[in-house]
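Student: I would like to learn how to read side-chain pairings in a model. Please take me through them.

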Amino acid sequence: TICYIFFMFNPENINQILMTISIWGIPVLLAITFHEAAHGLVARWFGDMTATMLGRVTLNPFKHIDPFGTVLMPLILAVMGAPILGYAKPVPVSFINLKPLKKGTIAVALAGPMANLILAVLSILLMYILPVIPSFFAEPLALMLVASLQINILLMCFNLLPILPLDGGRVLQALLPAKLAYKYSSTEQYGMIIILVLLFMGVFAKILLPMMQFVLNMMSWLLPAFMH
């Protein structure tokens with residue numbers, strides 16, 4: 001899972017960094033944990049036990065955290081005042097074990113984004129309890145639920161982009177004819193470079209913001225009245 005966050009920190013404002021981490025930390029961990037575990041779970045349903053044997057079909061976030069990609073790189077980018085990019089440890093899947101192969105590949109790829117969609121819906125539903133809990137708890141919880149809604153929609157949209165190794169790239173690879181799929185698979189080695197270039201060129205913001213707004217508009221009817 002690659003996680004891309006649009007906002008930029010002011011590197012001189014350490015309080016802003018700490019406050020943002022406190023609000024976004026748990027939602028981000030939950031988002032990447034459910035995303036990765038969903039990949040492994042669906043892979044098991046389609047016959048591949050690799051992730052299960054390696055203990056990756058779990059909601060323990062420490063199993064999915066990459067020390068550099070999940071912690072160090074986002075912190076470095078935050079201090080630099082750059083857009084935040086991070087990633088979790090990819091869940092290992094032996095796609096050749098999936099039966100049927102094409103359907104299994106598509107299902108495994110879509111499992112992560114769909115897990116994020118479910119978490120986004122759950123975040124909205126939990127907003128309904130805010131008026132009936134003490135304000136000292138409701139206020140930080142509201143901020144975390146809004147953050148959870150945003151990060152899960154962002155993760156879903158971002159990972160559905162048709163770029164390998166993103167989930168959307170896996171889906172496209174499975175749908176292409178064999179010869180084209182083979183040629184397309186060769187782009188995966190340049191995937192992170194492509195993603196970083198597009199990130200710093202501002203291309204992702206232009207693509208993802210409309211995608212996220214569309215999803216939010218589709219889900220707006222679920223929001224409680226006091227959140228509109």
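Tutor: We will go through a salt bridge and then an aromatic pair.
This is a predicted model, where local features need pLDDT of at least 70, side-chain atom pairs count only at pLDDT 80 or more, and totals for chains, interfaces and linings use all residues. Residues are numbered from 1 along each chain as its sequence is written, and side-chain values use heavy atoms, with hydrogens and water left out.

Student: How many salt bridges does a search of the whole structure find?

Tutor: A salt bridge is a side-chain nitrogen of Lys or Arg within 4 Å of a carboxyl oxygen of Asp or Glu. The search finds one: R170 with E188, whose closest N and O atoms are 2.7 Å apart. R170 sits in helix α6 and E188 in the loop between α7 (178-185) and α8 (191-200), 18 residues apart. Helices are DSSP runs (H or I, at least four residues), numbered from the N terminus.

Student: Is R170 buried or exposed?

Tutor: Buried means under 20% relative accessible area, exposed over 50%, and partly exposed in between (1.4 Å probe, protein chains only). R170 has 19%, so it is buried, while E188, at 28%, is partly exposed. Contact means heavy atoms within 4.5 Å; beyond its neighbours within four places in sequence, the contacts of R170 include F95, L164 and E188.

Student: How many aromatic pairs are there?

Tutor: Rings of Phe, Tyr and Trp (its six-membered ring) pair if their centres lie within 6.5 Å; planes under 30 degrees apart count as stacked, over 60 as edge-to-face, and the rest as tilted. The count is one. The ring centres of F158 and F204 are 5.1 Å apart and the planes are at 85°, so the pair is edge-to-face. F158 belongs to helix α5 (residues 135-159) and F204 to helix α9 (residues 203-219), so the pair ties together parts 46 residues apart in sequence. Both F158 and F204 are buried.

Conventions
Helix = DSSP H or I, 4+ residues; strand = E, 2+ residues; numbered from the N terminus.
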